[in-house]
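Please keep the model open while reading.

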Amino acid sequence: MNQLIRCKEIIENAVRDNFDGYVLGDKTLTAIVELCGAENALYVLANTVQLQSWDGRYSPDNKAWAHKIQISETMQRREQLRLDCHPAVLDGLITLLRNRNEK
């Protein structure tokens, strides 16, 4: 299985298993980074935001960040990598991962 598809599944599973309805559990970010790496996770997240840039639940800051990431996949492949998670939850995850990665 392609590592980006695997990363997509890791993110979706981590969010599903650790989101309590209000916040993501502390283990979420650690699990994602350990299992697929920050770079792959950020790529998959940026792809999702780019495909859903119309959605106001992503912050303007995260949208601007996502559009700086060059996604080199075909549109069919990009759709396969699009995360199926609530945009507001993903927005929080993106912020956490970006902050962690920029330190």
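Predicted model: local features only at pLDDT ≥ 70, side-chain atom pairs only at ≥ 80, totals over all residues.

The points below go from the whole chain to single residues.

1. **Overall make-up.** The protein chain has six helices and zero strands. From the N terminus on, the order of elements is α-α-α-α-α-α. The radius of gyration is 12 Å, close to the 13 Å that the globule rule gives for 103 residues, so the chain is as compact as a globular protein of that length. Along its principal axes, the C-alpha trace spans about 35 × 35 × 25 Å.

2. Of the 103 residues in the protein chain, 49% are buried. Take the contacts with a separation of 6 or more: residues 24 or more positions apart account for 74% of them. The chain exposes about 6,000 Å², and carbon and sulfur atoms supply 48% of that area.

3. **The largest nonpolar core.** In soluble globular proteins, nonpolar side chains tend to be buried together. Here the largest nonpolar core holds 32 residues. Which of them touch the most other members? They are Ile-11, Ile-32, Leu-45, Leu-93 and Leu-97. Helices H1 (3-18), H2 (27-36), H3 (38-51), H4 (60-66) and H6 (87-102) each give two or more residues to this core. H3 provides the largest share, eight residues.

4. **Ile-11 within the core.** Leave aside residues up to four places away in sequence. Ile-11 then touches Ile-32, Ala-41, Val-44, Leu-45, Leu-83 and Leu-93. Three of the names from the previous point, Ile-32, Leu-45 and Leu-93, are in this list.

5. **Helix H1.** H1 has 16 residues. From first C-alpha to last, H1 reaches 22 Å, close to the 22 Å expected at 1.5 Å a residue. Its buried residues are packed against H2, H3, helix H5 (75-81) and H6. Among those buried are Leu-4, Ile-5, Ile-11 and Val-15, but also Lys-8, Glu-12 and Asn-18. At the start of H1, a side-chain oxygen of Asn-2 comes to within 2.6 Å of the backbone nitrogen of Leu-4.

6. **Lys-8.** This lysine lies in helix H1. Why does Lys-8 count as buried? Its relative accessible area is 15%, and buried means under 20%. Beyond residues up to four places away in sequence, Lys-8 touches Val-44, Gln-80, Leu-81, Arg-82 and Leu-83. Val-44 and Leu-83 are also touched by Ile-11.

7. **Asn-18.** Asn-18 belongs to helix H1. A polar atom of its side chain lies 2.9 Å from the backbone oxygen of Ala-14. What does Asn-18 contact, leaving aside neighbours within four places in sequence? The partners are Val-23, Leu-24, Gly-25, Lys-27 and Thr-28. Leu-29 is eleven residues from Asn-18 along the chain, and their C-alpha atoms are separated by 9.8 Å.

8. **Helix H6.** H6 also has 16 residues and reaches 22 Å between its first and last C-alpha, close to the 22 Å expected at 1.5 Å a residue. Its buried residues are Pro-87, Val-89, Leu-90, Asp-91, Leu-93, Ile-94, Leu-97 and Arg-98. An α-helix has 3.6 residues a turn, so residues three or four places apart point the same way. The buried residues of H6 pack against H1, H2, H3 and H4.

Key: Residues numbered from 1 in each chain as written. Heavy atoms only, no water. Core = buried A, V, L, I, M, F, W, Y, C linked by side-chain atoms within 4.5 Å. Buried < 20%, exposed > 50% of the residue type's maximum accessible area, 1.4 Å probe, protein only. Helix = DSSP H or I, 4+ residues; strand = E, 2+ residues; numbered from the N terminus. Contact = heavy atoms within 4.5 Å. Expected span 1.5 Å × (residues − 1). Polar contact = N/O pair within 3.5 Å; in protein donor to acceptor, adjacent residues only side chain to side chain. Rg over C-alpha atoms; globule rule 2.2 N^0.38 Å. Areas by Shrake-Rupley, 256 points an atom, 1.4 Å probe, with all protein chains shown as cover.
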